[in-house]
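Good morning, and thank you for coming.

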Amino acid sequence: MKVRIISALVLLPIFFFVIIYGGLVTKLAVLIIALISIKEFTNAFAASGIKPTNAILYIITILFLVPSWQNIWSVLPVLLFILVVGESILLIFGKKTVEDISVSILTFVYITVALSSVIVVREASFDFIWYIFIFAWATDTCAYFAGFAFGKHKLMPKVSPKKTIEGAIGGIIGCIIISTVYAYFVHPEYILLIGISSLIGSVISQAGDLFASSFKRKLGVKDYGNLIPGHGGMLDRIDSIIFTAPFTYIVMFIAKLI
């Protein structure tokens, strides 16, 4: 626990700098996180004999996240098409299996496309970007302490043995409280929307955690890496954010319609 806290304290100033500065700094940070996460995710599969095409994934990810596209998601269909065609050619010539190319495409959507939401939300609204992390980290932190204090009933023991129903409920309650307090001071006109969204966002955050854990259990790995002391790999740290980032974009979009 001590190592986990020290790692968090070291990373927090970098995190705030990246989010507050925005622009190219945020894009490069998201790119680095995406590339590391792709490496960790595909490495987990490689141990089971499945070998996604990392080189193509890296190139497509760089082309997607770095350039100053007028609308980053406008190029997504083109890049996804290039990825599918490239993987299909490798399959046709027997260089890759169906499992290999399936995981490659999953990796791009699961990691690169999801994390691109961070860039889109940051460019659109400085106020809403924080919900990505509030939904994820408030849930995670409150679930941990609620589970530690009251946890008795296992949530999904075959997927994540330490998680409890009491912890999950505590995470939801904590997320709602922290999100609505933030909304009250920053944009009170959206407080009802945020109250409802934080409940859903907390559930989605926990689903992201369990989704990543499901792969780890299936592939027989404890963590996706050991990059961050006390936390595991990069993907272990951002698994919830991968789910809350696209959801926050949806919340922001709804807010603009109100």
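The terms are defined by relative accessible area: buried means under 20%, exposed over 50%, and partly exposed in between, with a 1.4 Å probe and protein chains only.

Two remarks on the source are needed. This is a predicted model, in which local features need pLDDT of at least 70 and side-chain atom pairs count only at pLDDT 80 or more, while totals for chains, interfaces and linings use all residues. Residues are numbered from 1 along each chain as its sequence is written, and side-chain values use heavy atoms, with hydrogens and water left out.

Asp223 has a partner, Lys222, and the two form a salt bridge in which the closest N and O atoms are 3.6 Å apart. A salt bridge here is a side-chain nitrogen of Lys or Arg within 4 Å of a carboxyl oxygen of Asp or Glu. Lys222 is exposed, at 68% relative accessible area.

How many salt bridges does the structure hold? There are 4. One of them joins Asp140 to Arg237, with the closest N and O atoms 3.5 Å apart. This pair links distant parts of the chain, since Asp140 lies in helix H6 and Arg237 in helix H9 (residues 234–257), 97 residues apart. Helices are DSSP runs of H or I with at least four residues, strands are runs of E with at least two, and both are numbered from the N terminus. Asp140 counts as partly exposed, at 27%.

Another salt bridge is formed by the side chains of Asp236 and Lys216, at 2.9 Å from N to O. Here too distant parts of the chain are linked: Asp236 belongs to helix H9 and Lys216 to helix H8, 20 residues apart.

Let us turn to helix packing. Two packed helices are described by the angle between their axes and the distance between the axes. The axes are lines fitted to C-alpha atoms, for helices over the stretch in contact, and angles run from 0 to 180 degrees between N-to-C directions.

Helix H7 spans residues 165–186, which makes 22 residues. Among its buried residues are Gly167, Gly170, Gly174 and Tyr182. The elements that cover the buried residues of H7 include helix H6 (129–150), strand S1 (154–156), strand S2 (160–164) and helix H8 (191–219); contact means heavy atoms within 4.5 Å.

H7 packs with H8 at an angle of about 145 degrees, their axes being 8 Å apart. Residues of H7 in this contact include Ala168, Ile172 and Ile176, and those of H8 include Ile191, Leu199 and Val203. By class, the contact of H7 with H8 has 10 nonpolar residues, 7 polar and no charged. Nonpolar covers Ala, Val, Leu, Ile, Met, Phe, Trp, Tyr, Cys and Pro; charged covers Asp, Glu, Lys and Arg; the others, Gly among them, are polar.

H8 also meets H6: their axes come within 9 Å and cross at roughly 65 degrees. On the H6 side, Tyr131, Phe135 and Asp140 are among the residues in contact, and on the H8 side, Ser197 and Asp209 are among them. That contact has 4 nonpolar, 7 polar and 2 charged residues.

Definitions and conventions: The expected span of a helix is 1.5 Å times one less than its number of residues.
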